Amino acid sequence: MPDNAYPVMQEMILSRPTQKFLRGSRREPAELPVQNPGTVLVFEVNGSYRALGRQRLSGRESTVVEALSVSVVNTRPTIVEVYLKAPSASAADDFVIKVGFRCQVNSPEVVAEYGLRNITDILKQHLARDGALLAKCAAKHTQDIADVRIEAKAQILAYCKVRPPSIVGMRIDLNSVEVFTPRGEIVHEKEMLRARREHAIGQLRRMNESDAVDYLTGMLASSDVARALAVSRGELSSADAAQQIADRESGHLAGMTDLIKVMAASDRMDRVPLDIQRLYDSAMAALTGEKSLTSAGSLPASGAVDEQPRRLAGQDDDERFLVDEDDLTGGDIA
């Protein structure tokens, strides 16, 4: 007998009872099956079935002595689950529907007589006769599982109301309906979920990288800041950083000096709207560390050269005027 047998849990053929002189027939109680809580013993006696209420049996009861067989019947309310496969519009997979029925034995004698040891197949066949249910499932693809759950539940409720399952000696009521997601759809959804998560993580990483790039771009816009950042991270020694700064400044000054030399050699010093003399003095001071005469104030800047000597020197011999007569005579003329 299978462990999940229901409602008849066990059946047993009984041997002849022992007969003792002057004491009649008697059956040993140990010969009878164990009567667990929620069960009754149903004896087959002369082609009929008799149920005995839960009690301690002595083995001298007429029903027990005369019985040919005995059955253990479960009389407690029990949920029996039935699984039904319904074809879908997707050739690779089907819908699996689990329907729960609340069952209870109301006539143990009838159940024992029919030997109802497994009513799952009976209930499954009842559901399989619902053509409307199978047609609705066959019109849906596996990805339409949400719609199938709603429609299948409504259809089974309606079907069991119009045509409730009927098994002799039992009361059966619809208890629950559940439609499982097909295995292929589960695998697909897991792959899609993993892809969406990886995409979201990639977006976050790209956003972080973009922020980091923007930050570093701003930091590295200045060579001094970039150099300081490298020193703080240990990527550049302070001595190397100082040498780089010195080399840069020397390069700038060397370039300035070369420019001044070129301008002086080409006689363009006085054609540029810049204070060339001051520029030159500044370069020299940066190179030598000493102040020039011009920067010290001994000589005027090139843009402020005294024009008086230039005018006196420019008065050459061909000027058409004479010096003052008083100057010639050395005093006033009497």
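**Exercise 1.** In which sense do strand 7 and strand 8 pair, and over how many bridges?

*Solution.* The model is predicted: local features need pLDDT of at least 70, side-chain atom pairs count only at pLDDT 80 or more, and totals for chains, interfaces and linings use all residues. Residues are numbered from 1 along each chain as its sequence is written, and side-chain values use heavy atoms, with hydrogens and water left out.

Step 1. Locate the strands. Helices (H or I, at least four residues) and strands (E, at least two) are DSSP runs, numbered from the N terminus. Strand 8 covers residues 94–105, and strand 7 covers residues 78–87.

Step 2. Apply the pairing rule: two strands pair if DSSP finds at least two bridges between them. Strand 7 and strand 8 have 10 bridges, in the antiparallel sense. Within this pairing, Ala86 is opposite Phe95 of strand 8.

**Exercise 2.** Find the order of the strands in the open sheet and name its edge strands.

*Solution.* Step 1. The order is 7-8-9, with antiparallel pairing.

Step 2. Strand 7 and strand 9 each pair on one side only, which puts them at the edges.

**Exercise 3.** Describe how helix 4 and helix 5 are placed against each other.

*Solution.* Step 1. Take the axes, which are lines fitted to C-alpha atoms, for helices over the stretch in contact; angles run from 0 to 180 degrees between N-to-C directions. The axes of helix 4 (residues 131–138) and helix 5 (residues 145–162) come within 9 Å and cross at roughly 170°.

Step 2. Classify the angle. Helix 4 is therefore roughly antiparallel to helix 5 (under 35 degrees is roughly parallel, over 145 roughly antiparallel, 65 to 115 roughly perpendicular, the rest oblique).

Step 3. List the contacts (heavy atoms within 4.5 Å). Ala132, Leu133, Lys136 and Cys137 of helix 4 meet Val148, Glu151, Ala152, Gln155 and Ile156 of helix 5.

**Exercise 4.** Characterise the aromatic pair of Tyr83 and Phe180.

*Solution.* Step 1. Rings of Phe, Tyr and Trp (its six-membered ring) pair if their centres lie within 6.5 Å; planes under 30 degrees apart count as stacked, over 60 as edge-to-face and the rest as tilted. Tyr83 and Phe180 are 6.3 Å apart, centre to centre, with 15° between the planes, and count as stacked.

Step 2. Place the residues. Tyr83 is in strand 7 and Phe180 in strand 9 (residues 170–180), 97 residues apart.

Step 3. Check the exposure (buried is under 20% relative accessible area, exposed over 50%, partly exposed in between; 1.4 Å probe, protein chains only). Tyr83 has 41% and is partly exposed; Phe180, at 28%, is partly exposed.
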